[in-house]
Amino acid sequence: MMYLKGEIGLLKFIFGRPYTGKTYTVLEKIKADVLCGKEVVLFVPEQFSFNTERSILKVFDENNPDNITVLTFSRLFDVLSDKFGGICGKTLSD
């Protein structure tokens with residue numbers, strides 16, 4: 001998991017063995033930032049997106065906060081292509 005704090009562009013990696021509190025630490029930092037009104041973007045591997053979104057909903061008691069975005073790399077591509085026009089380059093040849 002990577003935790004990105006948007007306002008200062010700080011990228012933090014949290015490493016550790018299983019069951020050492022990594023997910024808890026990330027969720028608590030997200031909760032603190034969201035309660036302060038900050039925008040949070042959370043990058044997760046594709047296979048963990050559903051569980052991550054479910055964990056966030058548990059932390060906020062099923063209230064879906066508007067300033068949390070959970071992105072996988074494929075979702076990030078979709079967001080960027082929607083914003084900047086998608087793939088519009090010319091191919092060199094077949």
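Tyr19 counts as exposed, because its relative accessibility is 86%; exposed means over 50% relative accessible area, buried under 20%, and partly exposed in between, with a 1.4 Å probe and protein chains only. Tyr19 has a positive phi of about 60°, although it is not a glycine. This residue sits in the loop between E2 and H1. Helices (H or I, at least four residues) and strands (E, at least two) are DSSP runs, numbered from the N terminus.

The model is predicted: local features need pLDDT of at least 70, side-chain atom pairs count only at pLDDT 80 or more, and totals for chains, interfaces and linings use all residues. Residues are numbered from 1 along each chain as its sequence is written, and side-chain values use heavy atoms, with hydrogens and water left out. pLDDT is the predictor's confidence in each residue, from 0 to 100. Its mean over the chain is 80, and 79% of the residues reach 70 or more. Over residues 1–7, pLDDT stays under 50. For that stretch the model has 29 contacts beyond four places in sequence, a contact being heavy atoms within 4.5 Å.

Now the overall layout. The chain has three helices and four strands. From the N terminus on, the order is β-β-α-β-α-β-α. Of the 94 residues, 24% count as buried. The accessible surface of the chain is about 7,200 Å², and 58% of that belongs to carbon and sulfur atoms. These areas come from the Shrake-Rupley method with a 1.4 Å probe; for residues, only the protein chains shown count as cover. Among contacts between residues at least 6 apart in sequence, 56% join residues at least 24 apart.

Back to the loop between strand E2 (10–13) and H1, where Ile14 is also found. Ile14 counts as partly exposed, because its relative accessibility is 23%. Ile14 and Val26 are 12 residues apart in sequence, and their C-alpha atoms are 8.2 Å apart in space.

Next comes H1. Its 14 residues should span 20 Å at 1.5 Å a residue, and its end C-alpha atoms are 20 Å apart, which agrees. The expected span is 1.5 Å times one less than the number of residues. Val26, Leu27, Ile30, Asp33 and Val34 are buried in H1. Seen down the helix axis, the buried residues of H1 fall within an arc of 130°, so they line one face. That arc is taken from the directions from the helix axis to the C-beta atoms. An α-helix has 3.6 residues a turn, so residues three or four places apart point the same way. The face of H1 turned away from the buried side carries the exposed residues Tyr24 and Leu35. Just after H1, Gly37 takes a positive phi of about 90°.

What does the largest nonpolar core contain? It has 12 residues: Val26, Leu27, Ile30, Val34, Val40, Leu42, Val44, Ile56, Val59, Phe60, Ile68 and Val70. H1 gives the most, with four. A nonpolar core is a set of buried Ala, Val, Leu, Ile, Met, Phe, Trp, Tyr and Cys residues joined through side-chain atoms within 4.5 Å. Leaving aside neighbours within four places in sequence, Leu27 is in contact with Ser55, Ile56 and Val59.

Last is helix H3 (residues 73–84). Its 12 residues should span 16 Å at 1.5 Å a residue, and its end C-alpha atoms are 16 Å apart, which agrees. Just after H3, Gly85 takes a positive phi of about 100°.
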